[in-house]
Amino acid sequence: MPGFFCKPLYDSLYERKDEHSKNFFRILSVCHTVRVDSTETGLDYKAESPDEKALVEAARDAGFVLKSVVGDTTTIEEYGEQKQFKVLEVFEFDSTRKRMSVICECPDGKIRVFCKGADNIILARLKAMSTDYLEVVDSHLTLFATNGLRTLVIASRDLTQEFYDAWAKRYMEAKTSMDNREEKMAVLAEELESNLTMAGVTAIEDELQEGVPDTIVTLRDAGIKIWVLTGDKLETAM
């Protein structure tokens with residue numbers, strides 16, 4: 001496993017070949033808008049945010065390497081074997097949705113929804129879970145947040161071919177509608193982003209992007225006062 005070594009994770013992925021653990025990293029390596037450039041020194045990931053890049057790199061370090069994104073095909077290398085996912089639809093992240101999803105046809109021929117988003121958003125869209133399990137998840141999320149880490153919940157859903165075909169027809173009608181197009185598309189996206197199965201959670205250190213600290217210093221030196229409010233929960237708000 002390049003990049004880092006974690007014995008429990010290694011055992012789960014490589015010794016027991018736990019499908020739940022593998023699914024978690026598959027989602028990280030497929031559910032994103034990252035672009036891949038091949039360079040003389042290897043693969044270079046271009047992402048819209050540091051978090052997006054960090055999650056893809058974490059999947060890579062666990063052995064789920066994003067190799068290319070060409071058209072609607074995302075290719076990853078899993079345990080040295082290349083696998084292709086055909087991305088059928090992308091629901092991008094925004095400040096209102098607070099989540100991102102992709103619908104993809106997986107190498108086994110099944111159609112799945114891969115989703116990641118703010119914990120309060122995704123937890124409300126999960127299928128029924130035991131109270132004890134949810135309490136454990138919530139305690140971990142709270143611990144991460146109080147340590148200044150930004151958290152996401154990762155989830156997925158299997159779709160039957162019949163269900164997807166019927167949904168895709170309605171979605172195409174919504175996309176070509178002349179009235180309330182965005183609202184209709186949002187309703188149909190939310191229809192798929194429900195009854196999810198949780199795959200896990202992520203926690204990322206909250207760092208300012210490159211150049212931001214210097215910019216803040218320059219503005220302060222110029223006598224400009226700055227107020228910043230960020231974070232979608234109390235523990236990580238500033």
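Modeller: Two strands are taken as paired when DSSP finds at least two bridges between them. The structure discussed here is a predicted model.

Colleague: Which residue takes a positive phi in the hairpin of strand 3 and strand 4?

Modeller: Strand 3 and strand 4 run antiparallel and are joined by six bridges, with Ser 68 standing opposite Thr 75 in strand 4. The hairpin has two residues between the strands, and the residue with a positive phi, near 60 degrees, is Gly 71.

Colleague: In strand 5, which residue is the bridge partner of Glu 78?

Modeller: Strand 4 (residues 73-78) and strand 5 also run antiparallel, joined by six bridges. They form a hairpin with two residues between them. In strand 5, the partner of Glu 78 is Glu 81.

Colleague: Tyr 79 lies in the loop between strand 4 and strand 5. Is Tyr 79 buried, exposed or partly exposed?

Modeller: Phi of Tyr 79 is near 55 degrees, a positive value in a residue other than glycine. Its relative accessible area is 29%. Buried requires under 20% and exposed over 50%, so Tyr 79 is classed as partly exposed.

Colleague: Are the rings of Phe 25 and Phe 64 stacked, tilted or edge-to-face?

Modeller: A search of the whole structure finds eight aromatic pairs. The rings of Phe 25 and Phe 64 have their centres 5.8 Å apart and their planes at 20 degrees. Planes under 30 degrees apart meet the cut-off, so this pair is stacked.

Colleague: How many residues apart are Phe 25 and Phe 64?

Modeller: Phe 25 and Phe 64 are both buried. Phe 25 belongs to helix 2 (residues 19-30) and Phe 64 to strand 3 (residues 64-70). The pair thus links distant parts of the chain, with a separation of 39 residues.

Colleague: Phe 85 and Phe 114 also form an aromatic pair. What is the relative accessibility of Phe 114?

Modeller: The pair is tilted, at 6.4 Å centre to centre and 55 degrees between the planes. It links Phe 85 in strand 5 with Phe 114 in strand 7, 29 residues apart. Phe 85 is buried, with a relative accessible area of 2%. Phe 114 counts as buried too, at 1%.

Colleague: Which residues do ring pairs link with Phe 24 into a cluster?

Modeller: Ring pairs join Phe 24 into a cluster with Phe 25, Phe 64 and Tyr 79.

Colleague: Over what arc do the buried residues of helix 7 lie around the axis?

Modeller: The buried residues of helix 7 are Met 185, Leu 188, Ala 189 and Leu 192. They lie on the same side of helix 7, because the arc that they cover is only 105 degrees.

Colleague: Which helix do the buried residues of helix 7 pack against?

Modeller: An α-helix has 3.6 residues a turn, so residues three or four places apart point the same way. The buried residues of helix 7 pack against strand 5 (81-91), strand 6 (99-105), strand 7 (111-117) and strand 8 (149-159). The helix that they pack against is helix 6 (161-175).

Colleague: What is the relative accessible area of Asn 195?

Modeller: Asn 195 is in the loop between helix 7 and strand 9 (197-205). Asn 195 has a positive phi of about 55 degrees although it is not a glycine. It is partly exposed, its relative accessible area being 43%.

Colleague: What is the radius of gyration of the protein chain?

Modeller: The protein chain has eight helices and nine strands. The globule rule gives 18 Å for 238 residues, and the chain is close to that value, so it is as compact as a globular protein of that length. Its radius of gyration is 19 Å.

Methods: Residues numbered from 1 in each chain as written. Predicted model: local features only at pLDDT ≥ 70, side-chain atom pairs only at ≥ 80, totals over all residues. Heavy atoms only, no water. Buried < 20%, exposed > 50% of the residue type's maximum accessible area, 1.4 Å probe, protein only. Helix = DSSP H or I, 4+ residues; strand = E, 2+ residues; numbered from the N terminus. Arc of directions from axis to C-beta. Contact = heavy atoms within 4.5 Å. Phe/Tyr/Trp six-rings, centres within 6.5 Å; stacked < 30°, edge-to-face > 60°. Rg over C-alpha atoms; globule rule 2.2 N^0.38 Å.
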